[in-house]
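Visitor: Please show me the model, and then let me put some questions about it.

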Amino acid sequence: MTSVAETGKGTRKKSASKMAVDADTKTRLIHAATALFSTKGIDGVSTRDITSAAKANSAAIGYHFGSKDNLVREVFSALAAPMNRTRLDALTQYEASVPADAQLDIEQVARCLIEPALRSASDPGHDAHALSRLLLLARTLPGPWVTNVLAEQYDEVFNRFISAFSRALPELDRETICWRYDFLVGSLLYASSYYYGQSRIARITEGKCDPADVDNVIDQLVHFAGGAMRCGAIGR
């Protein structure tokens, strides 16, 4: 006869096994969705496409995420949250190294924003390799849920870096710095696109400008950002 204790132990083992299977399925769905979204766009991918690629039950997205929109949120969170934490940690560390009443160096602030993104974009083995491409695709999509997803992952980054750039450029008003930050993000997304296909700059310069030299791309964009952010306010 099976004892109550043995029955309980068996139930716990089954429960733990099911949790492990569920976690594996959820991870596979996120990975499959990331790969498909980054190549076909979010609207170009169906839930059936994702479950087929993940070798999961057709109802798995509903079970694990509730909806495709929630899966998109999970994908962006899985990719963007670690990247943005790296950025914010680098900025915090740099700010802590500068006396509280001193002006920040604009290139150092820009590097904290730029380097993590280009390092991951240039490395196909990095978890966040597809992030910049997804961001480019997401920005072309209508719908408030995309805005909400981006707000969840990037509003804190925006506010922290605007404050840091303001400390580096006390002569500029916040409005000007916000515009220039937004333009800088556009430049960063464009530079990240070098690593999703053939680069025009490499072809047209006959290889003199080589995106494969990631250190140089980072340095070039950091110095470009410094010059663009530093120029005087426009007259009105």
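The questions and answers below go through this model.

Visitor: Where in the chain is confidence lowest, and where is it highest?
Guide: This is a predicted model, in which local features need pLDDT of at least 70, side-chain atom pairs count only at pLDDT 80 or more, and totals for chains, interfaces and linings use all residues. Residues are numbered from 1 along each chain as its sequence is written, and side-chain values use heavy atoms, with hydrogens and water left out. The chain averages a pLDDT (the predictor's confidence in each residue, from 0 to 100) of 87, and 86% of the residues score at least 70. Confidence is lowest in helix α1 (residues 4-40), at a mean of 70, and highest in α10, at 97.

Visitor: How many disulfides are there?
Guide: A disulfide here is a pair of cysteine sulfur atoms within 2.5 Å. Cys112 is buried (under 20% relative accessible area, with exposed over 50% and partly exposed in between, for a 1.4 Å probe and protein chains only) at 8%, and Cys178 is buried at 19%. By the distance rule, the number of disulfides is zero.

Visitor: Which residues of α8 are buried?
Guide: Helices are DSSP runs of H or I with at least four residues, numbered from the N terminus. Helix α8 covers residues 174-192 and reaches 27 Å from its first C-alpha to its last, close to the 27 Å expected at 1.5 Å a residue, where the expected span is 1.5 Å times one less than the number of residues. The buried residues of α8 are Thr176, Ile177, Cys178, Arg180, Tyr181, Leu184, Val185, Leu188, Leu189, Ala191 and Ser192.

Visitor: Within what arc do the buried residues of α6 fall?
Guide: In α6 (residues 131-139), Leu131, Ser132, Leu134, Leu135 and Ala138 are buried. Seen down the axis, they line one face of the helix, because their arc, taken from the directions from the helix axis to the C-beta atoms, is within 160°.

Visitor: With which side chain does the side chain of Asp215 make a polar contact?
Guide: Asp215 is in helix α10 (residues 214-230) and is partly exposed at 41% relative accessibility. A polar contact is a pair of N or O atoms within 3.5 Å; within protein, one must be able to donate a hydrogen and the other to accept it, and residues adjacent in sequence count only if both atoms are side-chain atoms. At 2.6 Å, the partner of Asp215 is Arg119.

Visitor: What is the phi of Lys55?
Guide: Most residues other than glycine have a negative phi. Lys55 is in the loop between α2 (47-53) and α3 (60-65) and is exposed at 72% relative accessibility. Its phi is positive, at about 55°.

Conventions: Helix = DSSP H or I, 4+ residues; strand = E, 2+ residues; numbered from the N terminus.
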